[in-house]
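Please look over the sequence and the model shown here before reading on.

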Amino acid sequence: MPDYLDDLRLAHVLADAADAATMDRFKAIDLKVETKPDMTPVSEADKAAEELIRGQLQRARPRDAVLGEEYGVEGTGPRRWVVDPIDGTKNYVRGVPVWATLISLMEAGEGGFQPVVGVVSAPALGRRWWAAQGHGAFTGRSLSKATRLHVSRVGKLADASFAYSSLGGWEEQGRLNGFLDLTREVWRTRAYGDFWPYMMVAEGSVDFCAEPELSLWDMAANAIVVTEAGGTFTGLDGRPGPHSGNAAASNGLLHDELLGYLNRRY
């Protein structure tokens, strides 16, 4: 089985470059922000970070395909890098430090493309998380200064901490009542948003999280970090991996109950 460690090291190099670019423009008073056709914001920093990552991948991995939020897919083949240059752009443009660059390598397999490497870098928080298939998940300042991650062992809803991003999408999908029922059963709820709840699941500080509408670049890196930390990452339909257009991540012990509540429609 490939060890993917060279790819992981490259992903860290890519994240270092993206961190420098995004932090240089964070809270800049002249930051340019546009609205995309789906009515979500995109900043000049999003575009610059993705261009930077694509350029380095073209030099280091010219045979690999690249899929990014801002510029779509380039190339074909069994290996595909998936990039979200700034996950949490709305936070970024308002000066909220909860945003990250998400970089994942996906490989073709029996069930389609699956993430085998992931790096989640949140420079404004001073945090980074990463994983490679078969090697576990870690957080730290660098590959050599890292702490291994493991999900929690909380096995009862009444003791569980549940994180999410917002309420809007749940209502649009007719899942709001099940979502609210779940919030009444757990010990604690918090809307940390975007990538952060998934990293908290991997760290064991949150027991499960979910979002009703996502794109592949929002999920690929998060998925490998959660699963390599011993957790479970599926769509709301229970399909493993980041392919369902939504996500549920947990310590594994509470996953069936999580999906049960979020699939209630009445």
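Which backbone oxygen does the side chain of Thr101 reach? In this predicted model, where local features need pLDDT of at least 70, side-chain atom pairs count only at pLDDT 80 or more, and totals for chains, interfaces and linings use all residues, that side chain reaches the backbone oxygen of Pro85 at 2.7 Å. Residues are numbered from 1 along each chain as its sequence is written, and side-chain values use heavy atoms, with hydrogens and water left out.

**Thr101 and its strand**
- Thr101 lies in strand S6 (residues 100-109), strands being DSSP runs of E with at least two residues and helices runs of H or I with at least four, numbered from the N terminus.

- Eight strands form an open sheet with mixed pairing, in the order S4-S3-S5-S6-S7-S8-S9-S10, where two strands pair if DSSP finds at least two bridges between them.
- Strand S4 (72-74) and strand S10 (145-148) stand at the edges with a single partner strand each, so one side of each is left without a neighbour in the sheet.
- S6 and strand S7 (residues 112-122) run antiparallel and are joined by 9 bridges, and Ile103 has Val119 in S7 as its bridge partner.

**Trp129**
- Trp129, which is found in strand S8 (residues 127-132), is buried, with a relative accessible area of 0%.
- Although Trp129 and Glu203 are 74 residues apart in sequence, their C-alpha atoms are 9.5 Å apart in space.

Methods:
Buried < 20%, exposed > 50% of the residue type's maximum accessible area, 1.4 Å probe, protein only. Polar contact = N/O pair within 3.5 Å; in protein donor to acceptor, adjacent residues only side chain to side chain.
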